[in-house]
Each structure stands twice: as structure tokens, then as C-alpha cells.
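Colleague: Could you walk me through this model, one feature at a time? I'd like the idea first, then the case.

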Amino acid sequence: MALATGGLLLLLGGLLVRGGAGAEPCRAPGQWEGRSVRYDHGTGRNTRAAVSYDGLNQRLRILEERKALIPCKKFFEYILLYKDAVMFQIEQVTKLCSKIALTEPWDPYDIPTNSTFEDQYYIGGPGDQIMVQEWSDRKPARKLESWVGVYTVKDCYPVQETYTKNYSVTTSTRFFDLKLGIADPSVFTPPSTCQTAQPRKMKDEC
């Protein structure tokens with residue numbers, strides 16, 4: 001009985017270390033493709049898109065999904081090249097292109113090494129579960145965080161990222177159907193219409 005109790009305590013101790021204070025951020029894949037839903041809490045709008053992520057070269061391609069015919073709604077393709085500090089916005093129907101300077105730094109889909117472990121739990125029900133970990137940029141000197149990321153424990157795929165500003169949630173993005181690698185690297189090459197791109201961002205309404 002004592003041996004069994006000792007083994008149980010050892011097991012519980014290992015679980016606490018693995019899922020608690022001793023947890024270390026996993027390393028997210030450098031290149032993947034998948035889908036996302038980005039919810040803007042300011043506008044109340046969801047944006048569904050196909051995503052190609054190239055963290056190795058600091059490139060991101062976002063292709064908005066056209067789920068339904070919405071009057072006066074434009075759908076865009078975005079190609080963000082952070083090493084060149086430029087973003088291309090391409091209207092999917094007309095191929096009209098805008099070229100806009102990127103002013104914000106590259107923000108990879110990963111868990112920074114100085115992140116704070118928040119929680120570990122399963123997504124899904126019995127027999128169909130995926131274990132994930134939740135991390136944030138919360139520090140002891142600050143009560144609230146400005147970023148929370150949820151990543152799978154097994155392969156460190158992003159599941160959800162939430163950003164807050166001035167104590168209010170600004171955006172929440174969910175990721176799914178992820179696959180390793182980039183099937184077609186040319187998705188990061190702007191179309192020929194971008195050779196005469198306009199310098200201002202296009203509106204998504206008529």
C-alpha cells in the first residue's frame with residue numbers, strides 16, 4: 001500500500017511539474033497552412049480566411065473566404081512581407097492592388113520564451129480530446145495580460161490568440177485545419193497588378 005501511495009504521489013508530482021510552474025513553452029512550427037477566424041470585438045465582425053504562415057522568412061498570406069454573396073462586400077487577399085516592411089492588399093475580383101508600408105514589427109505565431117504559463121486542459125470530450133496549454137505575457141508586476149495564446153501540447157500548433165488593449169479585448173483569432181509546410185511558395189509573390197499599386201488601403205464596402 002505504501003509503495004502504491006508513493007507511486008501515486010510521484011505521478012501526481014510529475015503532472016504538476018509538467019503542467020504547472022515547471023512548464024516550458026513549446027516551439028511552434030515555422031511554416032504551416034490552414035484556416036482562421038478572426039473576431040474583431042470593436043466591430044463585432046468575423047473574418048474567415050485561408051492562411052499561409054512562413055515564420056522563417058517573416059511572411060504571411062491571408063486569403064479572405066467568400067462564404068456567401070454579401071451586397072457591397074469586397075473580399076481581399078493580403079500578402080505581408082515583414083522583412084521588406086510592406087503589405088499588399090489585392091481585391092479578389094478586380095485584382096486591384098494597394099501597396100502599404102508595414103509599421104508594426106513581425107509578430108510570429110509562437111510562444112515567447114518569457115511567457116507565463118496559465119493553464120493546461122483538454123479540448124473536446126471523452127475519446128476525442130486534444131491537450132493544450134495556455135500562455136500569456138502577464139507579469140507579476142501587472143495584473144492583466146495583453147496577449148493570451150493557446151497551443152497544442154503535442155505539436156505546438158496555434159489554437160487561439162487573444163489580444164487586449166486598455167483592459168478590453170480587441171481581437172480573438174482561432175486556427176484550425178493546419179498542415180505543416182507551404183504547398184505553393186508563390187502565394188507570397190504579389191500579382192502583376194501590384195506593379196502599379198495604389199498607396200492607400202481599400203475599403204471592404206462599396
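Modeller: Start with pockets: on a 1 Å grid over the protein atoms alone, a pocket is an open set of points where a 1.4 Å probe fits, with protein on both sides within 12 Å along at least five of seven lines, and lining residues have an atom within 4 Å of a point. Here, 47 residues line the largest pocket, and Arg38, Ile62, Leu80, Thr171 and Lys201 lie nearest its centre. Mind that this is a predicted model: local features need pLDDT of at least 70 and side-chain atom pairs 80 or more, while totals for chains, interfaces and linings use all residues. Numbering runs from 1 along each chain, and side-chain values use heavy atoms, without hydrogens or water.

Colleague: Which elements give two or more residues to that lining?

Modeller: Strands are DSSP runs of E, at least two residues, numbered from the N terminus. The contributors are β1 (31–40), β2 (45–54), β3 (59–64), β4 (76–81), β5 (86–91), β6 (97–101), β10 (158–165) and β11 (168–180). The largest share, seven residues, belongs to β2.

Colleague: How many aromatic pairs does the whole structure have?

Modeller: Rings of Phe, Tyr and Trp (its six-membered ring) pair if their centres lie within 6.5 Å; planes under 30 degrees apart are stacked, over 60 edge-to-face, the rest tilted. The search finds nine pairs. Tyr53 and Tyr109 make a tilted one, 5.3 Å between centres and 50° between planes. That pair links distant parts of the chain, 56 residues apart: Tyr53 sits in β2, Tyr109 in the loop between β6 and β7 (116–123).

Colleague: Are those two tyrosines buried or exposed?

Modeller: Buried means under 20% relative accessible area, exposed over 50%, partly exposed in between (1.4 Å probe, protein chains only). Tyr53 counts as buried because its relative accessibility is 3%, and Tyr109, at 16%, is buried too. Tyr82 and Trp106 pair edge-to-face, at 5.1 Å and 65°. Ring pairs link Trp32, Tyr53, Tyr82, Trp106, Tyr109 and Phe175 into a cluster.

Colleague: Where does the charged end of Lys73 sit?

Modeller: A charge sits over a ring if NZ of Lys or CZ of Arg is within 6 Å of the ring centre and within 35 degrees of the ring normal. Lys73 has its charged end over the ring of Phe75, 4.4 Å from the centre.

Colleague: And how does β8 pair?

Modeller: Two strands pair if DSSP finds at least two bridges between them. β8 (residues 130–136) runs antiparallel to β7 over seven bridges, with Tyr121 bridging to Val132. In their hairpin, with six residues between the strands, Gly124 has a positive phi near 105°. β8 also pairs with β9 (residues 147–152), antiparallel over five bridges, and Trp135 faces Gly149 there.

Note on methods. Helix = DSSP H or I, 4+ residues; strand = E, 2+ residues; numbered from the N terminus.
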